[in-house]
Amino acid sequence: MREVVIYPGEDGCWVVECPSLPGCVSQGRSKEEAITNIREAIEGWMETARAHGQPIPEETFELQVIAV
């Protein structure tokens, strides 16, 4: 299981990132589409890492929300 962060992008789409997998980012026109897309991106990221013999980082993400 991977933690993701989802937030509204500047173009009206939703951006979603998986912080424990560097560069694993996606987006969608709705939150649901963005989540579907990041699931595919995470699977692809891991598949590519395995194919190249690279380690897959453990999930270590910790969320803290700070209101400013």
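The model is predicted: local features need pLDDT of at least 70, side-chain atom pairs count only at pLDDT 80 or more, and totals for chains, interfaces and linings use all residues. Residues are numbered from 1 along each chain as its sequence is written, and side-chain values use heavy atoms, with hydrogens and water left out.

## Overall fold

The protein has 1 helix and 3 strands. Helices (H or I, at least four residues) and strands (E, at least two) are DSSP runs, numbered from the N terminus. Along the sequence the pattern reads β-β-β-α. The C-alpha atoms fill a box of roughly 40 × 25 × 20 Å, taken along the principal axes.

Of the 68 residues, 24% are buried. Buried means under 20% relative accessible area, exposed means over 50%, and partly exposed lies in between (1.4 Å probe, protein chains only). Now take contacts, meaning heavy atoms within 4.5 Å. Among contacts between residues at least 6 apart in sequence, 28% join residues at least 24 apart.

## The strands

Two strands pair if DSSP finds at least two bridges between them. Strand β1 (residues 5-8) pairs with strand β2 (residues 14-17) in the antiparallel sense, over 4 bridges. Strands β2 and β3 also pair in the antiparallel sense, over 4 bridges.

Which residue of β2 is the bridge partner of Val-5? It is Glu-17. In β3, Glu-17 has Val-25 as its bridge partner. Glu-17 is partly exposed, because its relative accessibility is 28%. Leaving out residues up to four places away in sequence, Glu-17 touches Glu-3, Val-4, Val-5, Tyr-7, Cys-24, Val-25 and Ile-38. Glu-17 and Ala-41 are 24 residues apart in sequence, with their C-alpha atoms 9.5 Å apart in space.

The hairpin of β1 and β2 has 5 residues between the strands. In this hairpin, Gly-12 takes a positive phi near 90°. Cys-13 lies in the loop between β1 and β2. Beyond its neighbours within four places in sequence, Cys-13 is in contact with Tyr-7, Pro-8, Gln-27, Gly-28 and Arg-29. Cys-13 and Gly-28 are 15 residues apart in sequence and 5.6 Å apart in space, C-alpha to C-alpha.

Strand β3 has two faces. Ser-26 and Gly-28 form the covered face, while Val-25 and Gln-27 form the uncovered one. Setting aside neighbours within four places in sequence, Ser-26 contacts Trp-14, Val-15, Val-16, Asn-37 and Ile-38.

## The helix

Helix α1 covers residues 31-51. The expected span of a helix is 1.5 Å times one less than its number of residues. For the 21 residues of α1 that gives 30 Å, and the end C-alpha atoms are 30 Å apart, which agrees.

Which residues of α1 are buried? They are Ala-34, Ile-38, Ile-42, Met-46 and Ala-49. These residues cover an arc of only 105° around the axis, so they sit on the same side of α1. The arc is that of the directions from the helix axis to the C-beta atoms. An α-helix has 3.6 residues a turn, so residues three or four places apart point the same way.

On the other side of α1, Glu-32, Arg-39, Glu-40, Glu-43, Glu-47 and Ala-51 are exposed. The cover over the buried residues of α1 includes β1, β2 and β3 (25-28). After α1 comes Gly-53, with a positive phi near 70°.

## Core and salt bridge

A nonpolar core is a set of buried Ala, Val, Leu, Ile, Met, Phe, Trp, Tyr and Cys residues joined through side-chain atoms within 4.5 Å. The largest one has 8 residues: Val-16, Cys-18, Leu-21, Cys-24, Ala-34, Ile-38, Ile-42 and Met-46. Its largest share, 4 residues, comes from α1. Not counting residues up to four places away in sequence, Met-46 touches Arg-2, Leu-21 and Ile-56.

A salt bridge is a side-chain nitrogen of Lys or Arg within 4 Å of a carboxyl oxygen of Asp or Glu. The count here is 1 salt bridge. Glu-33 forms a salt bridge with Arg-29, with the closest N and O atoms 3.2 Å apart.

| Residue | Relative accessibility | Class |
|---|---|---|
| Cys-13 | 17% | buried |
| Ser-26 | 17% | buried |
| Arg-29 | 66% | exposed |
| Glu-33 | 27% | partly exposed |
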